[in-house]
Amino acid sequence: MTEDRPVPQELLTIGAFAARARLSPKALRLYDRLGLLTPAHVDEVSGYRYYRADQAERARTVALLRRLDMPLARIAEVVEADGAEGSERLAAYWADAEERFASQRTLAAYLRGRLSGRDSEMYGTFVVETVEVPERVVLTQTRHTLADELPAWIGASLGRLEEGARACGGVVAAPFVVYHSDVSQESDGPVESCVPVADEGAAREWAELHGRAWGTRVRVEPARRLAYARITKAQVAYPQILAAFEAVEVWMRERGLEYGGPCREVYFADWDSAGPEDAVCDVAFPVIPRGDGGTGAGDSVAP
């Protein structure tokens, strides 16, 4: 009968190592299968796993990262990196997680208001104000899109338009997105991205030469009075953003204001550098006093 080869005395059995690392043997076997913590020695005959004492620190780090709900692939990236790079990878993961948690928190608040029937309390968390916006020349792109595709398209289209604006005297006001019809998981708009520019002639020339592939147009956005509520980056996500649009509509009805055009989102802050609790966007409706005409409520539907 073949006997087990002797194990170096400095190695620990899986049971002894588990006690030192304050983990279960089951967890250590899982980490081994996933390539997160490979034993220092595996007996060829018995299959027993043995570990070095200095592997305990890595084992505890893996366990702690698991408590952050970090995916196993991300854990592997962190523990394989050197100290500084591993710390940076963890910081990047946690920034993403905080943004996700903030979005989920605002969604939970929105759903609580819906389920409890306390819509008025939910709307009361938003401050609604008005602003006069002058006539502006805008570079625009329009697309039919569903709610889950909308964030990526907004970012891409505004990026393209801002690049074009640099050839047209620059961006002169906050970019905005106009919803010409409902955007949801069932309805696809259309949606129009708009970037105000300084030079109408240069804008039309640029759109003719460079904007055909994206369907870029130039139009004059008329002067408007907007009723708006300012929201954070976390509140921009669908469907919780609907609460802000609805709050503005309630405010309008209470003051006898009618819809003066399609609703919109005005992005006045740098999205990439903003944190989840930073204000980044105004959700807005063009408004007119009741009886002054306008496009009517049917033209203005929150996304």
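**Labels and their cut-offs**

Modeller: The structure holds five aromatic pairs. The rings of Phe, Tyr and Trp (its six-membered ring) pair if their centres lie within 6.5 Å; planes under 30 degrees apart count as stacked, over 60 as edge-to-face and the rest as tilted. This is a predicted model, in which local features need pLDDT of at least 70 and side-chain atom pairs count only at pLDDT 80 or more, while totals for chains, interfaces and linings use all residues. Residues are numbered from 1 along each chain as its sequence is written, and side-chain values use heavy atoms, with hydrogens and water left out.

Colleague: Why is the pair of Phe17 and Tyr51 called stacked?

Modeller: The ring centres of Phe17 and Tyr51 are 4.4 Å apart and the planes are at 10°, so the pair is stacked. Phe17 belongs to helix H1 (residues 14-21) and Tyr51 to strand E3 (residues 49-52), so the pair ties together parts that are 34 residues apart in sequence. Helices (H or I, at least four residues) and strands (E, at least two) are DSSP runs, numbered from the N terminus.

Colleague: Are Phe17 and Tyr51 buried or exposed?

Modeller: Buried means under 20% relative accessible area, exposed over 50%, and partly exposed in between (1.4 Å probe, protein chains only). Phe17 has a relative accessible area of 0%, so Phe17 is buried. Tyr51 is also at 0%, and therefore counts as buried.

Colleague: What makes the pair of Trp94 and Phe101 edge-to-face?

Modeller: The centres of these two rings are 5.8 Å apart and the planes are at 70°, so the pair is edge-to-face. Trp94, with a relative accessible area of 31%, is partly exposed. Phe101 is partly exposed as well, at 32%. Elsewhere, ring pairs link Phe245, Tyr259 and Phe285 into a cluster.

Colleague: Why do Arg89 and Glu85 count as a salt bridge?

Modeller: A salt bridge is a side-chain nitrogen of Lys or Arg within 4 Å of a carboxyl oxygen of Asp or Glu. For Arg89 and Glu85 the N to O distance is 2.8 Å, and the side chains meet in a salt bridge. Both residues lie in helix H5 (residues 83-116), four residues apart, about one turn of the helix. An α-helix has 3.6 residues a turn, so residues three or four places apart point the same way. Arg89 has a relative accessible area of 32% and is therefore partly exposed. Glu85, at 33%, also counts as partly exposed. By this rule the structure has 15 salt bridges.

Colleague: How do you know that the span of H5 is close to what is expected?

Modeller: The expected span of a helix is 1.5 Å times one less than its number of residues. H5 has 34 residues and reaches 48 Å from its first C-alpha to its last, close to the expected 50 Å. Buried residues in H5 include Gly86, Tyr93 and Ala97.

Colleague: What does the salt bridge of Arg230 and Asp282 tie together?

Modeller: Their side chains meet at 2.7 Å, N to O. Arg230 lies in strand E9 (residues 224-232) and Asp282 in strand E12 (residues 279-289), so the pair ties together parts that are 52 residues apart in sequence. Arg230 is at 46% relative accessibility and so counts as partly exposed, whereas Asp282, at 8%, is buried. Salt bridges that share partners also join Glu192, Arg217, Arg219, Glu221, Arg224 and Arg264 into one network. In it, Arg224 and Glu221 meet at 2.7 Å, N to O, and both are buried.

Colleague: How do you know that Arg230 lies over the face of Phe268?

Modeller: A charge sits over a ring if NZ of Lys or CZ of Arg is within 6 Å of the ring centre and within 35 degrees of the ring normal. Arg230 is at 4.1 Å from the ring centre of Phe268. The charged end of Arg160 sits over the ring of Trp214, 3.7 Å from its centre.

Colleague: Which residues have the most contacts inside the largest nonpolar core?

Modeller: They are Leu139, Met252 and Val283, in a core of 49 residues. Its largest share, ten residues, comes from helix H9 (residues 241-254). A nonpolar core is a set of buried Ala, Val, Leu, Ile, Met, Phe, Trp, Tyr and Cys residues joined through side-chain atoms within 4.5 Å.
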